[in-house]
Amino acid sequence: MKIGVFDSGFGGLTVLRSLLSIVPQADYLYLGDSARLPYGSKSPQTVAHYAASSAKFLHTKGIELLVIACNSASAVALDAIRSAVPIPVIGVIEPGATTAANLSRTRRVCVIGTQATIASHAYSNALQTHGLEVKEKACPLLVPLVEEGWTDHPVTEQVARIYLQELFSECEASWIDGVAADTLVLGCTHYPLLKPLLSRILPEDMQMVDSADAVAHQVALVADLNQRFKVSAGSCSFFATDSLEKFRTLGARFLGQEIAAVELVTLPE
């Protein structure tokens with residue numbers, strides 16, 4: 001089975017990393033729209049336009065299932081993407097929200113993400129359908145710090161502390177009954193690389209939800225492993241719209257393994 005995985009750049013490789021661990025038998029085609037990143041700072045209309053063209057490209061390669069490994073695109077463009085291709089499409093928002101709902105005991109959850117994801121309130125809306133109370137925080141500086149390779153740098157830790165302190169202060173001001181959030185949703189595919197750092201900052205009883213793992217489990221269910229996947233290991237093909245060497249070098253950090261070859265492609269405007 002061919003599964004397409006799409007992101008604006010490198011972050012979605014954390015989703016592919018989880019997919020390779022949980023669903024190793026599939027053949028994956030990963031597209032990083034690196035010429036037009038970041039999506040997180042662009043308008044919903046622009047994100048939808050870019051995402052639809054990326055989905056159509058992967059569909060021409062014969063994929064049977066598409067994973068939108070981009071929180072910004074999942075938040076504001078999922079309907080446009082589903083209209084663009086006649087195959088099942090899975091975003092990262094709902095699987096992450098469902099996992100958070102299953103984990104939270106206090107029924108209060110915090111979400112951190114890019115400006116576009118947080119402004120869309122996609123996570124908040126999805127979590128509220130599960131009966132959860134939600135507080136969100138945009139953390140725009142974290143993505144460039146991760147891409148710089150500063151995943152365990154004192155500067156990154158200080159920035160993360162400031163964001164989280166502001167978030168928790170907002171929680172205390174709103175939830176005056178003293179019942180705190182016990183779950184933090186990582187609403188950006190760059191953030192899994194910060195889990196060791198974040199674990200030092202967060203309260204000991206706060207759990208983190210990595211949407212990448214949640215999506216991989218959802219794909220396993222949708223794909224029906226027992227009937228549709230071959231027994232042998234699958235394959236990975238990589239496509240990018242710009243900066244192939246940067247994609248290979250930086251992408252290896254996100255994927256956790258070497259990326260041997262990337263094909264340069266041009267998407268229709």
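Biologist: Is Cys139 buried or exposed?
Modeller: Cys139 has 1% relative accessibility and so counts as buried, where buried means under 20% relative accessible area, exposed over 50% and partly exposed in between, with a 1.4 Å probe and protein chains only. Please keep in mind that this is a predicted model, in which local features need pLDDT of at least 70 and side-chain atom pairs count only at pLDDT 80 or more, while totals for chains, interfaces and linings use all residues. Residues are numbered from 1 along each chain as its sequence is written, and side-chain values use heavy atoms, with hydrogens and water left out.

Biologist: How many disulfides are there?
Modeller: Zero disulfides turn up in a search of the whole structure, a disulfide being a pair of cysteine sulfur atoms within 2.5 Å.

Biologist: Switching topic, where does Ser72 lie, and what does its side chain join?
Modeller: Ser72 lies in helix α3, residues 71-84 (helices are DSSP runs of H or I with at least four residues, numbered from the N terminus). Its side chain joins that of Thr114 through a polar contact of 3.2 Å, meaning a pair of N or O atoms within 3.5 Å, of which, within protein, one must be able to donate a hydrogen and the other to accept it, and residues adjacent in sequence count only if both atoms are side-chain atoms.

Notes: Helix = DSSP H or I, 4+ residues; strand = E, 2+ residues; numbered from the N terminus.
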